[in-house]
Amino acid sequence: MDMSSSVYIAGLGVISAIGNNVAEHLSAFEREKAGMGDISILDTIHRRKLPVAEVKLDNKQLAAITGLPDDMSRTALLSLVAAREALTDAAIPNRESFRTGFVSANTVGGMDRSEHFFVDFIEDDSKGKLRNVYDHECGSMTQIVADQLGITDFLTTISTACSSSANAIFYGARLIKNDVLDVVIAGGTDALTKFTLNGFNTLMILDKAFCKPFDEHREGLNLGEGAGYLVLISDRVAKTLNKRPYCKLSGYNNSNDAYHQTASSPDGTGSYLAMKGALEKSDLKPADIDYINLHGTGTPNNDSAEGTAIKRIFDPEYPPMSSTKSFTGHTLGASGGIEAVFSVLAIKHGLIYPNLRFETQMNELPFGPEKRFLKDQKINHVMSNSFGFGGNCTSLIFSGTSK
Amino acid sequence: MKIYIRSSTCISPQNTFGNHNFLTEVVEYNGTRLNAIEPDYKEFVDAKLLRRMSHIIKMGVAASMDCLKKGNVEMPGAIITGTAYGCLEDTITFLSRIIEQDEEMLPPTAFIQSTHNTVAAQIALMLKCHGYNNTFVHKGISFESALLDAMMLLKENEADNILVGGADEMTDASFTILSRLGLYKRWPVSNLNLYATKTRGTMGGEGSAFFLLSDKTSEKNLAELTGIRTLYKPGTLKDIEKKVILFLAENALKMDDIDIVITGKSGDTAHDDIYEQLNHSLFNKTNLANYKHLCGEYPTSSAFALWLAANMIKNGMVPDAVVERCVLKTTPKRILIYNHYQKIYHSLMLVSAI
């Protein structure tokens, strides 16, 4: 094991409400085009009442793109689109000669299919099409995609609510540092389901309008869906690439808020510990961070706790920051993966993404998010925050390799 | 670096929790389902909290608290769990209400407690533990993934006294569905007779086993956790044999060094053929034990097997209840656990005397 060795990012893949691949996302950011709208794919009574950020392809279209059957869970369909893009993008010569793993995250597995199964099952428990419940488990999603990608050396699944895929990414990096694997596709996926939409609705944290992260008048989050993956590689693999890797994963930390099952502590203890721990791991000072991709869900509670924790660490000099959930909605178990892709792209292209619909700075904070889309910035170190139910808080730091 | 199992607690369909002799009085079940024997949870959890907790949360929290107490550790450095199905009871409750009430007037509690990380989160919450907290949900290797994470954290010097466990609950609905999927025997059997029936299917089970891992020596340590390896669809029997030999070699061992192998034999003829063949080839000279007749088959049952191995070493004996073939005259020093779940996920764990 060589814990001081670097883990590089060689490939990116993403699908969300604002695009089906990396290029479409960059274009949507530049055009400031949000992905929220009326529900058109999910079958629910909340149509026209609650906006969500749906991927603009139905299951038949996703099946056609991926080659999977269209009665497969949407979670797996989305996952395969993004994971395959990432692996293709990495273009690792002789990948078969390296130990390759797939570490994926999600929160409700094949729930979209289980919802069909249970309609018949609760009437009569001898009824319900078994195919619809066979892949209920979170791990099934990972297995389906790994089989399509031909990955057999190592696969596992992480589920820590909204921090799931950030944890998947740094578990993947540690598998490389511990010399278990050479290449890891890591990230996460989640499809919109009735289960999660109704669950968040009962918590009364869904905004009936488009969300306004970090705004004084924010009223909640919009749910989204999608998948995002990074291809992580070891030093040794990086030397075989015919291109420069995007950047490296320089810091990470997982801490627990230990305050409440669903709410964040007022002082953001978990978020504070995660950011502080990630900075220590990367050996960077707060002033070194060039951009923070916020967790920024748009709920009064999250943004207040996260903002307070940022103040404790960064005061008085704040780097530009924004919540890209103002574009993609909150994609739950996929958000850490999707936002890791955005963080890497920020370094690669010198970008800062706008925090859409921000108007009024929060009274309790001496700072606000960036409203403009900025190009040609010098971005070397990016922090990405992902915090979830159960107090699970994770921060990642990506660093450029140009110096 | 050596990694030790400081303490371990198991809640299972047997009398494994509390002050019981080590598997001397085996509980018999007739049917195809083994339910965990529930301890008096009030000893570990506040009565008000208890009322809201589902079966898996109670099993997970109680096993954790007892494990910490045994290990004399108040605050673990990290909490890591593995569960394939997660909080099924709350998940099915919330899902059923969505359908029955047509998405209206839903109470939030079941949803709040349905996320897969609820067990690890509740432990952190009760202890006010701000350390590393993770949950693995990968089918038949959920527990093994958690264990690998714990071992890496120790090697990285990121944390000590790591609480790691595996838990899964069986509900009436999941038992019905898994029965329809053909996992269990079609006729009731006695768990004491599980391997003799020679038919398709096994018996369903559930449980929770937690471990406190440390790299520090202590008189209290039960055993050394020497190594772990998971295999995905390893192919032919020869491939499995090669992987076992390689795994042992990586730990500077040969098959002859293993005192006893604990296998994941489940009584399902479609799955046990691998064990039967290995018992006549690679494992033909070694002593053999089985455990699934005690706890039933479930994706994190390997946590029960690890509890069994650690206690076999600490107690210096192999309980009669688990013996398939054993001529061991001395106390077991090296135990290999080999389990596969549905032939897809295979795992190897190596446990040694200190």
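Modeller: Let us start with Thr107(A), which is buried, with 32 other C-beta atoms within 10 Å. The model is a predicted one.

Biologist: Why is Thr107(A) called buried?

Modeller: A residue is buried if 20 or more other C-beta atoms lie within 10 Å of its own. Thr107(A) has 32, and is therefore buried. Its place is in the loop between β2 (100–105) and α4 (111–121) of chain A.

Biologist: What is Thr107(A) in contact with, leaving aside its neighbours within four places in sequence?

Modeller: In chain A, the contacts of Thr107(A) are Ser159(A), Ala161(A), Ser164(A), Asp190(A), Leu332(A) and Gly333(A), and Thr115(B) is also in contact with Thr107(A).

Biologist: Is Ala161(A) buried or exposed, and how do you know?

Modeller: The cut-off for a buried residue is 20 or more other C-beta atoms within 10 Å. Ala161(A) has 25, so Ala161(A) is buried. Ala161(A) lies in the loop between β3 (154–158) and α7 (164–177) of chain A.

Biologist: How do you know that the peptide bond joining Asp315(A) and Pro316(A) is cis?

Modeller: Omega of that bond is about 5°, and the bond is cis. Most peptide bonds are trans. Pro316(A) is found in the loop between α11 (300–314) and β8 (321–322) of chain A.

Biologist: Let us turn to chain B. What does the domain assignment of chain B give?

Modeller: The assignment gives domain 1 (4–214) and domain 2 (226–352). Their C-alpha centres lie 22 Å apart. The contact between them takes 45 residues from domain 1 of chain B and 35 residues from domain 2 of chain B.

Biologist: Which element gives the largest share of the side of domain 1 of chain B that touches domain 2 of chain B?

Modeller: That element is α6(B), with six residues. By class, this side of domain 1 of chain B has 21 nonpolar, 18 polar and six charged residues.

Biologist: What does Ala150(B) touch, not counting residues up to four places away in sequence?

Modeller: Ala150(B) touches Ala78(B), Ile80(B), Ile162(B), Val164(B) and Leu213(B). Ala150(B) and Leu213(B) are among the residues with the most contacts inside the largest nonpolar core, which has 240 residues. In soluble globular proteins, nonpolar side chains tend to be buried together.

Biologist: How many residues of chain B are in contact with chain A, and how many of chain A with chain B?

Modeller: The contact involves 47 residues of chain B and 52 residues of chain A. The largest share of the side of chain B that touches chain A comes from α3(B), with six residues. By class, that side of chain B has 24 nonpolar, 13 polar and 10 charged residues.

Key: Residues numbered from 1 in each chain as written. Chains lettered and ligands numbered in written order. Predicted model: local features only at pLDDT ≥ 70, side-chain atom pairs only at ≥ 80, totals over all residues. Domains from an automatic or database assignment. Contact = placed C-beta atoms within 7 Å. Helix = DSSP H or I, 4+ residues; strand = E, 2+ residues; numbered from the N terminus. Nonpolar A, V, L, I, M, F, W, Y, C, P; charged D, E, K, R; others polar. Core = buried A, V, L, I, M, F, W, Y, C linked by C-beta atoms within 7 Å. Buried ≥ 20, exposed ≤ 12 C-beta atoms within 10 Å, placed from the backbone.
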